[in-house]
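Reader: I've got a model open on my screen and I'd like to learn how to read it. Could you walk me through it?

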Amino acid sequence: GTPQTPVRDEKLFNALTLAFKYKNEMQERGLSITEYAHKYHIDRSNLGRLLKLTLLAPKIVNSILDGTQPRELKIENFTKDEVPHLWADQLKKYGYI
């Protein structure tokens, strides 16, 4: 088919970049999810859901960043549902293969 024009999903993009920011800060400061949430006044369960985005296959992450992810892919696909551990399973589940 014809390649689609990239369209960045701002909500998904922002959540992904925030998730990596939080993860990096947690690692740099040696804080657990609970400690980080408490220190920065973030809801612990929301932080946990957001951090799941840092476990996505690189192909999924890159497609979200450059706006070439499947159009039907939304933040809720990751936060409201179980994210498969294996990258190959993620690629299948989210419509990449």
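This is a predicted model: local features need pLDDT of at least 70, side-chain atom pairs count only at pLDDT 80 or more; totals for chains, interfaces and linings use all residues.

Reader: How many helices and strands does the protein have?

Author: Helices (H or I, at least four residues) and strands (E, at least two) are DSSP runs, numbered from the N terminus. Here you get 6 helices and 0 strands, and the C-alpha trace spans about 50 × 25 × 20 Å along its principal axes.

Reader: What share of the residues is buried?

Author: Buried means under 20% relative accessible area, with a 1.4 Å probe and protein chains only. By that cut-off, buried residues make up 36% of the 97 in the protein.

Reader: And how do I read contacts along the sequence?

Author: A contact means heavy atoms within 4.5 Å. Take the contacts between residues at least 6 apart in sequence: 66% of them join residues at least 24 apart.

Reader: How do I describe two packed helices?

Author: You give the angle between their axes and the distance between the axes.

Reader: Which residues in H1 and H3 meet?

Author: From H1 come Ala 15, Leu 18, Ala 19, Tyr 22, Lys 23 and Met 26, and they meet Leu 47, Leu 50 and Leu 51 of H3.

Reader: Now a single residue. Is Gln 90 buried or exposed?

Author: Gln 90, which sits in helix H6, is buried, with a relative accessible area of 0%. Beyond its neighbours within four places in sequence, Gln 90 contacts several residues, including Leu 55, Ile 60 and Val 83.

Reader: Where is Tyr 96 found?

Author: Look in the segment after helix H6 (87-93). Tyr 96 is buried too, at 15% relative accessible area. Tyr 96 and Lys 59 are 37 residues apart in sequence, yet 8.6 Å apart in space, C-alpha to C-alpha. Leaving aside neighbours within four places, the contacts of Tyr 96 include Lys 59, Ile 60, Pro 70 and Leu 73.

Note on methods:
Residues are numbered from 1 along each chain as its sequence is written. Side-chain values use heavy atoms; hydrogens and water are left out. Buried means under 20% relative accessible area, exposed over 50%, partly exposed in between (1.4 Å probe, protein chains only).
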